[in-house]
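Visitor: I have a model open in the viewer and would like to talk it through. Could we begin with a term that will come up?

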Amino acid sequence: MDKFLEFVADIMEVDVSEISMDTEYKEGKWDSIMMLTLIMEIEAEYKVSIPIENIGNVKTIADLYAFVK
Amino acid sequence: MAEIRKSIALLSNITVDLIVGKLHRIYDFYLPDGFDTWVQEVINPESGIYSERLDAAVILLDGTEARSWKDDNEGTERLALWKQSLTVLTNRMVNIPVFISTIDIRENRIKSLSERKQKYDFENSWYQFVQALAELKSNVYVLDIADIIAEIGRKQFYSNKMWYMSSMPYSKEGLAAVCKEIDRALEAAFKTRRKIIALDLDNTLWGGVIGEDGVEGIELSAHKEGQRYYDFQRQFLEMKNRGVLLAINSKNNPEDAEAAIQRHPAMLIRDDDFVSRKINWKNKDTNLKDMGSELNLTEGSFIFIDDNPVERETVKNMCPDILVPEFPTDITELIAFAEDIWLDYCRPLRVLGEDLIKTQMYQNEEKRKQEMSKSLSLDGYIEKLEIVVDIHRMRTEELGRVAQLCNKTNQFNTTTKRYTQAELEEIAENPDKVIYVVYASDKYGDSGLISVVILIGSKETIKIDTFLMSCRVMGRKLEEVILNELTAEYSAKKKMIGEFIPTAKNVPVRELYDRLGFKLISDTNGHKMYELDMAGYTKKFFKSFKEIRFEA
């Protein structure tokens with residue numbers, strides 16, 4: 001879980017202390033472009049395919065983490 | 001000195017936010033508002049791309065939309081519109097580099113085995129169009145994205161998910177590759193290119209050790225395993241033919257190594273392809289430093305290639321400005337290794353006639369130096385060189401070289417004004433201004449167009465706006481000859497005005513006008529103005545020169 005947060009913080013170019021599993025979409029640097037980058041990076045790093053219809057339901061970083069668990 | 005960030009217009013028929021996201025740390029971007037609005041942006045003369053301060057424009061066109069073209073006519077019309085738009089753009093945008101992409105047309109693949117595929121015609125006609133523009137316009141270049149896609153392969157390059165989610169069809173890998181190509185193109189425009197590659201021999205240009213294996217024993221051939229080195233050599237030969245200088249830096253007995261260089265049947269790079277050969281037992285960093293001073297090249301001009309990590313580490317430590325790339329452990333990848341070096345550090349926007357014979361020019365310079373060491377005086381040396389000078393007004397076909405000199409001459413450059421080709425054209429057409437070019441040749445060879453003088457006339461004065469000279473002909477009194485001719489030509493004017501604007505690099509001309517007999521009028525923080533009283537000037541005769549031609 002910590003490793004995932006570090007991974008996300010790296011992509012967002014923020015310190016890991018600035019985000020948590022509860023960080024919400026549209027908060028801080030997490031805009032729609034960042035969402036695309038996150039999906040792209042998560043799919044490549046964790047070798048998963050995230051269905052488009054599920055992406056619309058992402059509200060927090062925990063929701064992203066659910067894709068890789 | 002902090003580098004000034006470059007501002008890039010990025011025009012595209014896809015969403016480019018992710019590209020900007022990856023490159024924003026290096027460049028500032030100007031984007032038109034809205035999705036796929038680049039055509040309107042280009043057509044409208046009031047648009048931001050024509051009023052913003054920009055350093056380059058990139059037009060990135062993607063062929064994914066071809067999947068939804070209802071028929072071939074729609075595709076034909078679409079490409080025609082794009083071509084018209086780019087004709088408008090390149091007619092208006094003449095002062096900054098414009099990069100236009102090639103296209104991979106992704107037409108619908110539901111086709112029989114015998115149906116015509118229009119995509120080949122589309123792609124080819126688009127390529128022909130962009131290439132023709134690049135040949136016609138000096139500031140237009142081809143951004144070959146289609147080639148990048150072919151290298152990576154469509155399945156890897158594209159992502160349908162990204163396309164449906166964001167109107168940007170690249171995968172992570174595709175996005176990275178496009179960003180890299182854009183960055184490489186911009187670096188070719190804005191970063192100084194490395195000029196010389198110094199190569200090791202054993203296990204670098206051939207396999208094995210010449211001192212132990214002998215000419216017959218080293219691995220180097222036109223087929224099979226030895227071809228790895230043969231192909232590697234060809235890469236450097238291709239670079240040499242595009243203006244990169246080659247040198248050898250090897251620890252060996254010179255006679256062993258020379259035997260291979262001159263006699264091995266599969267040796268592609270021969271002795272006259274190198275500007276310097278350091279084959280000895282000295283430290284490699286010492287050899288590189290010696291090469292630099294002999295050829296008048298800075299450490300920052302060098303790339304050093306060696307398979308031996310110890311040698312690489314030493315050179316990196318002793319000469320931090322020399323670029324020392326890691327050598328591939330898999331020798332079958334040597335071609336790609338050389339290609340990356342070329343793309344990252346050497347590839348120029350354009351190869352000019354001067355670049356084709358650069359190696360030969362440096363070799364001639366070496367012979368001149370030997371002549372100089374035998375001469376007792378500068379005049380004696382000049383006389384022995386049998387120099388012929390030709391000064392005339394710039395002709396249209398010389399514009400490219402003049403622009404190149406204006407933009408890269410740092411040392412002998414009185415005002416360092418970086419005129420673009422379009423600006424130089426304007427100057428040439430202005431009746432009050434004139435551009436003179438100077439050619440020099442001697443018994444060792446032709447140095448080509450080596451000096452540019454831009455003059456601005458008024459009723460009573462003639463001002464030297466720009467006076468620059470290639471550093472390879474400095475120290476031969478050419479500046480005296482040039483000024484002598486120009487002063488005679490403009491003797492009807494009262495005064496000739498000289499200007500010196502100091503930079504970090506133009507120290508060699510700081511006292512130029514003092515040496516040429518001008519009077520210092522003002523000095524503001526090193527920015528100096530000079531005057532030469534024309535009434536008191538009588539034309540000199542330079543007897544040590546073989547011939548001086550002047551054509552007004």
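Guide: A crossing of two helices is called right-handed if the near helix is turned clockwise from the far one by less than a right angle, and left-handed if anticlockwise. Please note that this is a predicted model.

Visitor: Which way does α1(A) pass α2(A), in a left-handed or a right-handed crossing?

Guide: The crossing of α1(A) with α2(A) is right-handed.

Visitor: At roughly what angle do the axes of the two helices cross?

Guide: In chain A, helix α1 (residues 2–12) and helix α2 (residues 32–46) have axes that cross at roughly 135° and come within 10 Å. Because of that angle, α1(A) counts as oblique to α2(A).

Visitor: And which residues meet there?

Guide: From α1(A), A:F7, A:V8, A:I11 and A:M12 meet A:M34, A:T37, A:L38, A:E41 and A:E45 of α2(A). By class, the residues of this contact are 6 nonpolar, 1 polar and 2 charged.

Visitor: Changing topic: how many residues does each chain bring to the contact between A and B?

Guide: Chain A contributes 7 residues and chain B contributes 9 residues. On the chain B side, α1 (17–23) and α8 (160–166) each supply at least two residues.

Visitor: Which element of chain B gives the most?

Guide: That is α8(B), with 5 residues. The side of chain B that touches chain A has 4 nonpolar, 2 polar and 3 charged residues.

Visitor: What about chain B overall: how many helices and strands?

Guide: Chain B has 22 helices and 18 strands. Its C-alpha trace spans about 85 × 70 × 40 Å along the principal axes, and 36% of its 552 residues count as buried.

Terms used: Residues numbered from 1 in each chain as written. Chains lettered and ligands numbered in written order. Predicted model: local features only at pLDDT ≥ 70, side-chain atom pairs only at ≥ 80, totals over all residues. Axes fitted to C-alpha atoms, helices over the stretch in contact; angles between N-to-C directions. Helix = DSSP H or I, 4+ residues; strand = E, 2+ residues; numbered from the N terminus. Parallel < 35°, antiparallel > 145°, perpendicular 65-115°, else oblique. Contact = placed C-beta atoms within 7 Å. Nonpolar A, V, L, I, M, F, W, Y, C, P; charged D, E, K, R; others polar. Buried ≥ 20, exposed ≤ 12 C-beta atoms within 10 Å, placed from the backbone.
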